[in-house]
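Colleague: I'm new to this one. Can you walk me through the sheet?
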Amino acid sequence: MEPGTKKTALITGASEGLGRAFASQLAKAGYNTLCIARNESRLKELVNELGDNHRYLVADLSELRGIDACIALMQEQHIALLVNNAGFSQFGTFREADIEHEMAVFHVNCHTVMRLSHAFLQQARAGDALINLSSITHYLTTPVQPTYCATKCFIASFSESLWYQERKRDVYVQALLPGITKTQFMARASNIEGFKMKLLDFISKTPESVVACSLKACDRRKKPIVIPGISNRLLALVLRLLPRKAIVWTLGKIGDLA
C-alpha cells in the first residue's frame, strides 16, 4: 500500500481486535477509513486516534438496516478496499443453543458478507481489493462451535471463487484465515478460563501481526487464501493430509474438556 494514496477503505467490526488493527494500519498506509461497528464510544475513540479524514458509522450488521447503511456508503463514494471483518461465534452444543443466536451468527458471518461483497464488487475498479475474514477452522473443524466453523468454511470457498472471477479485471479478493488471535473473541464466545486460557493466549498471534500479513499479501495480489504465521501454515498443510474424521474427533474431545 503506497503511503499517500488517499483511497477509502471500509472496515466492519472496526471498534476492536482485528478490525481496529486494520483501521490503524490502513490509515498509516494513506487510506481514509470508514469504520463500522455497534459501539459508538469505541468508534469515536478510534477515529480520534486516526486523525482527520476518517469517519465512522454505528451499525448492527445482524440487521438489514445496518447492512443497507453500509451499502449506501458504497453507493455514495468509491470504496477501494472492503474488509469484511465483523463476525462472532458461540461455543456449545447446537441442540441446546438458542437458535435465534445461532441464526444471528449465520446471518452476520455469511449473509452480511455476501451482501457487502456484492455491493463492493459492483462499484470496484481495477486495483481495488476485498478482504473477507475466514478462519483456520476452514481446515480445523471444531465441533464445539458448529455454526461458526461452517460459516468460515463458506467464506473461504466463497472468496476463492470471487478471486478467480474478479482477477481478470484486476480486483483482488482474499480470504484471511487467522489462527487464534489475541482479541476479545474467545472471551465472548466461551467460558474458557484458567490454564486453558493461558495456553490459548501463549499460542495466539497479535491482531497487528495478522493484519500486517494480510495487507502484505494484498499488495502482492497473488493468492486467494492467506494464513498468517508459519505455525498456522504448517498446521493447515498437515491437516490436509489427515482424515477428516480424525480431525473432528480430536477437536471434539478437546472441546469437551474446555
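Modeller: First, a term: two strands pair if DSSP finds at least two bridges between them. Also, this is a predicted model.

Colleague: Got it. Which strand does β1 pair with over five bridges, β1 being residues 8-12?
Modeller: Strand β2, residues 32-37. The two pair in the parallel sense. Within β2, C35 is the residue opposite I11.

Colleague: What is the strand order in the whole sheet?
Modeller: β3-β2-β1-β4-β5-β6-β7. That makes an open sheet of seven strands, with parallel pairing.

Colleague: Which strands stand at the edges?
Modeller: β3 (55-58) and β7 (225-226). Each has a single partner strand, so one side of each lacks a neighbour in the sheet.

Colleague: Let's stay with β3. How many bridges join it to β2?
Modeller: Four, and the two strands run parallel. Y56 in β3 stands opposite C35.

Colleague: How does the chain get from β2 to β3?
Modeller: Through α2, in a right-handed β-α-β crossover. Helix α2 covers residues 40-50 and packs on the sheet. It touches both β2 and β3. The direction of α2 makes about 170° with that of β3.

Colleague: What kind of unit do β5, α5 and β6 make?
Modeller: A right-handed β-α-β unit. β5 and β6 pair in the parallel sense, over five bridges. Across that pairing, I131 stands opposite Q174 in β6.

Colleague: And on to β7: how many bridges join β6 to it?
Modeller: Two, and these strands run parallel as well. A175 has I225 in β7 as its bridge partner.

Colleague: Why is β6 largely enclosed by the rest of the structure?
Modeller: Five of the five residues of β6 are buried, so the rest of the structure largely encloses the strand. Buried here means under 20% relative accessible area.

Colleague: Which residues are on which side of β6?
Modeller: Y172, Q174 and L176 are on one side. V173 and A175 are on the other. Both faces are covered.

Colleague: Why the every-other-residue pattern?
Modeller: Because in a regular strand the side chains alternate between the two faces of the sheet.

Terms used:
Residues numbered from 1 in each chain as written. Predicted model: local features only at pLDDT ≥ 70, side-chain atom pairs only at ≥ 80, totals over all residues. Heavy atoms only, no water. Contact = heavy atoms within 4.5 Å. Axes fitted to C-alpha atoms, helices over the stretch in contact; angles between N-to-C directions. Buried < 20%, exposed > 50% of the residue type's maximum accessible area, 1.4 Å probe, protein only. Right-handed = clockwise from strand over helix to strand, strands pointing away.
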